[in-house]
Amino acid sequence: MTLDGLNRAIVDRIIRVDHAGEYGANRIYAGQMAVLGRSSVGPIIQKMWDQEKEHLKKFNELMVAFRARPTVLMPLWNVVGFALGAGTALLGKEGAMACTVAVEESIANHYNNQIRTLMEEEPGKYKELLQVIKKFRDEELEHHDIGLDHDAELAPAYTVLKNIIQAGCSAAIYLSERF
(Lines give C-alpha, C1' and ligand atoms only; values in the text may rest on other atoms or scores of the structure.)
Protein backbone atom coordinates (compact mmCIF):
# COMPACT_ATOMS: atom_id res chain seq x y z
CA MET A 1 0.00 0.00 0.00
CA THR A 2 1.25 3.44 -0.88
CA LEU A 3 0.78 6.66 1.08
CA ASP A 4 0.50 8.85 -2.03
CA GLY A 5 -2.75 10.77 -2.36
CA LEU A 6 -4.39 9.31 0.74
CA ASN A 7 -6.37 11.33 3.22
CA ARG A 8 -3.94 10.83 6.09
CA ALA A 9 -6.39 11.97 8.77
CA ILE A 10 -8.94 9.35 7.75
CA VAL A 11 -6.37 6.56 7.35
CA ASP A 12 -4.67 7.36 10.67
CA ARG A 13 -8.01 7.37 12.49
CA ILE A 14 -9.14 4.10 10.88
CA ILE A 15 -5.92 2.24 11.57
CA ARG A 16 -5.63 3.56 15.13
CA VAL A 17 -9.18 2.62 16.12
CA ASP A 18 -9.16 -0.73 14.31
CA HIS A 19 -5.85 -1.67 15.91
CA ALA A 20 -7.29 -0.77 19.32
CA GLY A 21 -10.45 -2.76 18.58
CA GLU A 22 -8.58 -5.86 17.52
CA TYR A 23 -6.33 -5.54 20.56
CA GLY A 24 -9.41 -5.24 22.79
CA ALA A 25 -10.99 -8.27 21.12
CA ASN A 26 -7.85 -10.28 21.81
CA ARG A 27 -8.00 -9.30 25.45
CA ILE A 28 -11.72 -10.21 25.65
CA TYR A 29 -11.05 -13.67 24.26
CA ALA A 30 -8.06 -14.07 26.60
CA GLY A 31 -10.40 -13.35 29.53
CA GLN A 32 -12.99 -15.79 28.23
CA MET A 33 -10.37 -18.49 27.78
CA ALA A 34 -9.04 -17.94 31.30
CA VAL A 35 -12.48 -18.88 32.61
CA LEU A 36 -13.91 -21.24 29.98
CA GLY A 37 -10.82 -22.55 28.18
CA ARG A 38 -11.24 -26.09 29.49
CA SER A 39 -14.98 -26.20 29.02
CA SER A 40 -16.92 -27.54 26.05
CA VAL A 41 -17.00 -24.05 24.51
CA GLY A 42 -13.23 -23.54 24.89
CA PRO A 43 -12.33 -24.74 21.37
CA ILE A 44 -14.98 -22.46 19.85
CA ILE A 45 -13.64 -19.44 21.73
CA GLN A 46 -10.08 -20.41 20.79
CA LYS A 47 -10.96 -20.56 17.09
CA MET A 48 -12.48 -17.07 17.20
CA TRP A 49 -9.49 -15.81 19.21
CA ASP A 50 -7.09 -17.22 16.62
CA GLN A 51 -8.81 -15.15 13.92
CA GLU A 52 -8.62 -12.05 16.13
CA LYS A 53 -4.88 -12.66 16.54
CA GLU A 54 -4.54 -12.55 12.76
CA HIS A 55 -6.56 -9.32 12.64
CA LEU A 56 -4.30 -7.72 15.25
CA LYS A 57 -1.20 -8.88 13.40
CA LYS A 58 -2.45 -7.25 10.21
CA PHE A 59 -3.24 -3.96 11.94
CA ASN A 60 0.20 -4.01 13.57
CA GLU A 61 1.64 -4.25 10.04
CA LEU A 62 -0.64 -1.48 8.74
CA MET A 63 0.39 0.81 11.59
CA VAL A 64 4.00 0.54 10.46
CA ALA A 65 3.18 0.78 6.74
CA PHE A 66 1.04 3.90 7.19
CA ARG A 67 3.07 5.33 10.07
CA ALA A 68 -0.05 5.57 12.22
CA ARG A 69 0.25 5.88 15.96
CA PRO A 70 -1.62 3.62 18.38
CA THR A 71 -4.16 5.02 20.78
CA VAL A 72 -2.76 6.18 24.10
CA LEU A 73 -5.55 4.15 25.72
CA MET A 74 -3.97 0.74 25.03
CA PRO A 75 -3.20 0.07 28.72
CA LEU A 76 -6.86 0.72 29.55
CA TRP A 77 -8.11 -1.58 26.77
CA ASN A 78 -5.72 -4.25 28.05
CA VAL A 79 -7.39 -4.33 31.46
CA VAL A 80 -10.97 -3.55 30.40
CA GLY A 81 -10.92 -6.12 27.60
CA PHE A 82 -9.69 -8.94 29.82
CA ALA A 83 -12.12 -7.98 32.60
CA LEU A 84 -15.05 -7.91 30.16
CA GLY A 85 -14.13 -11.30 28.73
CA ALA A 86 -13.57 -12.95 32.11
CA GLY A 87 -16.55 -11.22 33.72
CA THR A 88 -19.03 -12.31 31.09
CA ALA A 89 -17.50 -15.82 31.02
CA LEU A 90 -18.19 -16.07 34.75
CA LEU A 91 -21.87 -15.91 33.78
CA GLY A 92 -21.29 -19.14 31.85
CA LYS A 93 -20.93 -19.90 28.17
CA GLU A 94 -24.12 -17.96 27.49
CA GLY A 95 -22.62 -14.83 29.05
CA ALA A 96 -19.42 -15.20 27.05
CA MET A 97 -21.40 -15.68 23.86
CA ALA A 98 -23.62 -12.69 24.68
CA CYS A 99 -20.46 -10.62 24.97
CA THR A 100 -19.25 -11.95 21.63
CA VAL A 101 -22.56 -11.10 19.94
CA ALA A 102 -22.60 -7.58 21.37
CA VAL A 103 -18.98 -6.78 20.54
CA GLU A 104 -18.93 -8.34 17.10
CA GLU A 105 -22.18 -6.64 16.08
CA SER A 106 -20.75 -3.29 17.18
CA ILE A 107 -17.50 -3.89 15.32
CA ALA A 108 -19.25 -5.04 12.13
CA ASN A 109 -21.34 -1.85 12.16
CA HIS A 110 -18.20 0.18 12.79
CA TYR A 111 -16.41 -1.51 9.89
CA ASN A 112 -19.43 -0.82 7.64
CA ASN A 113 -19.20 2.88 8.53
CA GLN A 114 -15.51 2.86 7.63
CA ILE A 115 -16.23 1.15 4.32
CA ARG A 116 -18.78 3.85 3.50
CA THR A 117 -16.29 6.59 4.43
CA LEU A 118 -13.57 5.15 2.21
CA MET A 119 -15.99 4.54 -0.68
CA GLU A 120 -17.10 8.18 -0.50
CA GLU A 121 -13.46 9.36 -0.53
CA GLU A 122 -12.12 7.52 -3.56
CA PRO A 123 -12.34 3.74 -3.45
CA GLY A 124 -9.47 3.13 -5.87
CA LYS A 125 -6.97 4.77 -3.53
CA TYR A 126 -8.06 2.61 -0.62
CA LYS A 127 -8.56 -0.71 -2.43
CA GLU A 128 -6.24 -2.79 -0.23
CA LEU A 129 -7.44 -1.22 3.03
CA LEU A 130 -11.04 -1.77 1.94
CA GLN A 131 -10.29 -5.44 1.23
CA VAL A 132 -8.83 -5.88 4.72
CA ILE A 133 -11.75 -4.16 6.44
CA LYS A 134 -14.35 -6.10 4.43
CA LYS A 135 -12.66 -9.44 5.15
CA PHE A 136 -12.41 -8.71 8.87
CA ARG A 137 -16.01 -7.43 8.98
CA ASP A 138 -17.20 -10.69 7.47
CA GLU A 139 -15.21 -12.69 10.03
CA GLU A 140 -16.63 -10.58 12.88
CA LEU A 141 -20.12 -11.36 11.58
CA GLU A 142 -19.24 -15.07 11.62
CA HIS A 143 -18.26 -14.69 15.30
CA HIS A 144 -21.56 -12.90 15.93
CA ASP A 145 -23.47 -15.81 14.39
CA ILE A 146 -21.42 -18.37 16.33
CA GLY A 147 -22.40 -16.55 19.52
CA LEU A 148 -26.08 -16.73 18.62
CA ASP A 149 -25.74 -20.40 17.69
CA HIS A 150 -24.23 -21.10 21.14
CA ASP A 151 -27.05 -19.69 23.27
CA ALA A 152 -26.01 -16.04 23.68
CA GLU A 153 -29.65 -15.03 24.00
CA LEU A 154 -30.02 -17.33 27.02
CA ALA A 155 -27.56 -15.25 29.06
CA PRO A 156 -28.98 -13.61 32.19
CA ALA A 157 -30.53 -10.25 31.25
CA TYR A 158 -29.30 -10.69 27.67
CA THR A 159 -30.76 -7.47 26.27
CA VAL A 160 -29.47 -5.35 29.13
CA LEU A 161 -26.04 -7.00 29.00
CA LYS A 162 -25.84 -6.56 25.23
CA ASN A 163 -26.86 -2.90 25.39
CA ILE A 164 -24.32 -2.11 28.13
CA ILE A 165 -21.51 -3.84 26.23
CA GLN A 166 -22.43 -2.05 23.01
CA ALA A 167 -22.50 1.31 24.78
CA GLY A 168 -19.00 0.53 26.03
CA CYS A 169 -17.91 -0.40 22.51
CA SER A 170 -19.26 2.89 21.16
CA ALA A 171 -17.36 4.81 23.83
CA ALA A 172 -14.16 2.84 23.14
CA ILE A 173 -14.46 3.52 19.40
CA TYR A 174 -15.05 7.23 19.95
CA LEU A 175 -12.10 7.57 22.34
CA SER A 176 -9.69 5.42 20.33
CA GLU A 177 -10.34 7.38 17.15
CA ARG A 178 -9.34 10.58 18.88
CA PHE A 179 -6.68 9.76 21.48
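At what angle do helix 3 and helix 6 pack, and how far apart are their axes? Helix 3 (residues 74–89) and helix 6 (residues 158–178) pack at an angle of about 170°, and their axes are 13 Å apart. The model you are looking at is predicted, so local features need pLDDT of at least 70 and side-chain atom pairs count only at pLDDT 80 or more, while totals for chains, interfaces and linings use all residues. Residues are numbered from 1 along each chain as its sequence is written, and side-chain values use heavy atoms, with hydrogens and water left out.

Let us start with helix 3 itself. Helices here are DSSP runs of H or I with at least four residues, numbered from the N terminus. Helix 3 has 16 residues and reaches 22 Å from its first C-alpha to its last. That is close to the 22 Å expected at 1.5 Å a residue, where the expected span is 1.5 Å times one less than the number of residues. Its buried residues (under 20% relative accessible area, with a 1.4 Å probe and protein chains only) are Met-74, Trp-77, Gly-81, Gly-85, Ala-86, Thr-88 and Ala-89. These buried residues pack against helix 1 (8–36), helix 4 and helix 6.

Now back to helix 6. Axes are lines fitted to C-alpha atoms over the stretch in contact, and angles run from 0 to 180 degrees between N-to-C directions. Helix 3 and helix 6 are therefore roughly antiparallel to each other, a term for angles over 145 degrees. Their crossing is left-handed, meaning that the near helix is turned anticlockwise from the far one by less than a right angle. The contact (heavy atoms within 4.5 Å) is made by Trp-77, Leu-84 and Thr-88 of helix 3 and Leu-161, Ile-165, Ala-172, Leu-175 and Ser-176 of helix 6. These residues divide into 6 nonpolar, 2 polar and no charged. In this grouping, Ala, Val, Leu, Ile, Met, Phe, Trp, Tyr, Cys and Pro count as nonpolar, Asp, Glu, Lys and Arg as charged, and the others, Gly among them, as polar.

Next comes helix 4 (residues 93–121), which packs with helix 3 at an angle of about 135°, the axes lying 6 Å apart. Leu-84, Thr-88 and Ala-89 of helix 3 meet Gly-95, Ala-96, Cys-99 and Val-103 of helix 4.

Which way does helix 1 cross helix 3, left-handed or right-handed? The crossing is right-handed, and the two axes come within 7 Å and cross at roughly 35°. Residues in this contact include His-19, Tyr-23 and Arg-27 of helix 1 and Met-74, Trp-77 and Phe-82 of helix 3. The contact divides into 13 nonpolar, 8 polar and 1 charged.

Finally, visit two loops. Arg-67, in the loop between helix 2 (42–65) and helix 3, has a positive phi of about 55° although it is not a glycine. At 63% relative accessibility, Arg-67 counts as exposed, that is, over 50%. Ala-157 sits in the loop between helix 5 and helix 6, and its phi is near 50°, a positive value in a residue other than glycine. Ala-157 is exposed too, with a relative accessible area of 53%.

Notes. Angles under 35 degrees count as roughly parallel, over 145 as roughly antiparallel, 65 to 115 as roughly perpendicular and the rest as oblique.
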